[in-house]
Structures are given as C-alpha cells and as structure tokens.
Amino acid sequence: MANTATLSREERKKAKRVARKKRKTEKPLPPRDYARGSKKPKVKKMARGQSKR
C-alpha cells in the first residue's frame, strides 16, 4: 500500500478499503478442510467452575 501520511482521514479509509478488497481478490484464502470451531480447546464441565451453575 502507498504512503497514506499525506492523505486526509476519509481518503486514508478509502485507500485502505481498496487495498483490502484488492488483496482479497488476488490472494483468496483456501477453503477450510475442517469444521469451524473444531480446533478450539474443549473445556470439561467441572473445569468451568461457577459458570455452569
């Protein structure tokens, strides 16, 4: 991304949004090969303490 120090706040926001969109189209993320949340650490019920009561 170009140097945005000379731009106003609104112009900077626009430039960053354009850069994000460009990056998304040029380097898309590969599709997930596992279920969302399946890699989160599982918490046993007793370990949660008061939150289960």
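Tutor: Start with S38. S38 counts as partly exposed because its relative accessibility is 39%; buried means under 20% relative accessible area, exposed over 50%, and partly exposed in between, with a 1.4 Å probe and protein chains only. This is a predicted model: local features need pLDDT of at least 70, side-chain atom pairs count only at pLDDT 80 or more, and totals for chains, interfaces and linings use all residues. Residues are numbered from 1 along each chain as its sequence is written, and side-chain values use heavy atoms, with hydrogens and water left out. The S38 side chain reaches the backbone oxygen of A35 at 2.8 Å. S38 sits in the segment after helix 1. Helices are DSSP runs (H or I, at least four residues), and strands are too (E, at least two), numbered from the N terminus. The chain has one helix and zero strands. Helix 1 covers residues 9–26 and includes R23. Across the chain, buried residues make up 2% of the 53 residues.

How values were computed. A polar contact is a pair of N or O atoms within 3.5 Å; within protein, one must be able to donate a hydrogen and the other to accept it, and residues adjacent in sequence count only if both atoms are side-chain atoms.
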